[in-house]
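This report describes the surroundings of a few selected residues and the nonpolar cores of the protein. The structure is shown first.

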Amino acid sequence: MSDLEIRPAAPDDIPAIVAMLADDPLGAERESPDDLTPYTAAYERLARDPNQHVMVAVRDSRVVGTLQLTIIPGLSRRGATRSVIEGVRIHADERGSGLGSRFIEWAVDESRSRGCQLVQLTSDASRSDAHRFYERLGFTASHVGFKLQL
């Protein structure tokens, strides 16, 4: 996979990112690739925050993966800094190629280099394939998560 580049997302990447976010049963219900206005505004907010890293994986000049890495300083765990991996998507053509593993390993290495003591992520309860994937990479299902829609 030497032809793979992992880099910060650029504004021109937004359509490809949103298309990947929408390309599954859950995303199809909550994403709107036909109107990029809210995604562009969100990207601009994220780009101004030094603790937010929206990344893309690019092969042959085509965006084939995305994730968001958030660095969170904290008081708990003796003042530990943690990271959160969110919004992981791999283009359908690339699934099973090892790209997802490489991308998550990049995020873990980047978290370590930024002084994080813990990497965490959440995955929708219905995504059993994703759960097995994360467990293979060493993550453990250690908590129960809750959400409140506002």
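In this predicted model, the side chain of Thr 66 reaches the backbone oxygen of Met 55 at 3.0 Å. Thr 66 belongs to strand β3, which covers residues 62-73. Beyond its neighbours within four places in sequence, Thr 66 is in contact with Ile 17, Met 20, Val 54, Met 55, Val 56, Gly 87, Val 88, Arg 89 and Phe 103.

Phe 103 is located in helix α5, residues 99-113. When neighbours within four places in sequence are set aside, the contacts of Phe 103 are Ile 6, Met 55, Val 56, Ala 57, Gly 65, Thr 66, Leu 67 and Ile 90. The C-alpha atoms of Phe 103 and Arg 59 are separated by 13 Å, and these residues are 44 residues apart along the chain.

| Residue | Relative accessible area | State |
|---|---|---|
| Thr 66 | 2% | buried |
| Phe 103 | 1% | buried |

The largest nonpolar core has 19 residues, of which Leu 67, Ile 85, Ile 104 and Tyr 134 touch the most other members. At least two residues of this core come from each of β2 (52-59), β3, β4 (81-90), α5 and α6 (128-136). Another core, of twelve residues, lies apart from it and includes Ile 17, Tyr 39, Tyr 43 and Val 58. In soluble globular proteins, nonpolar side chains tend to be buried together.

Definitions and conventions. Residues are numbered from 1 along each chain as its sequence is written. This is a predicted model: local features need pLDDT of at least 70, side-chain atom pairs count only at pLDDT 80 or more; totals for chains, interfaces and linings use all residues. Side-chain values use heavy atoms; hydrogens and water are left out. Helices (H or I, at least four residues) and strands (E, at least two) are DSSP runs, numbered from the N terminus. Buried means under 20% relative accessible area, exposed over 50%, partly exposed in between (1.4 Å probe, protein chains only). A polar contact is a pair of N or O atoms within 3.5 Å; within protein, one must be able to donate a hydrogen and the other to accept it, and residues adjacent in sequence count only if both atoms are side-chain atoms. Contact means heavy atoms within 4.5 Å. A nonpolar core is a set of buried Ala, Val, Leu, Ile, Met, Phe, Trp, Tyr and Cys residues joined through side-chain atoms within 4.5 Å.
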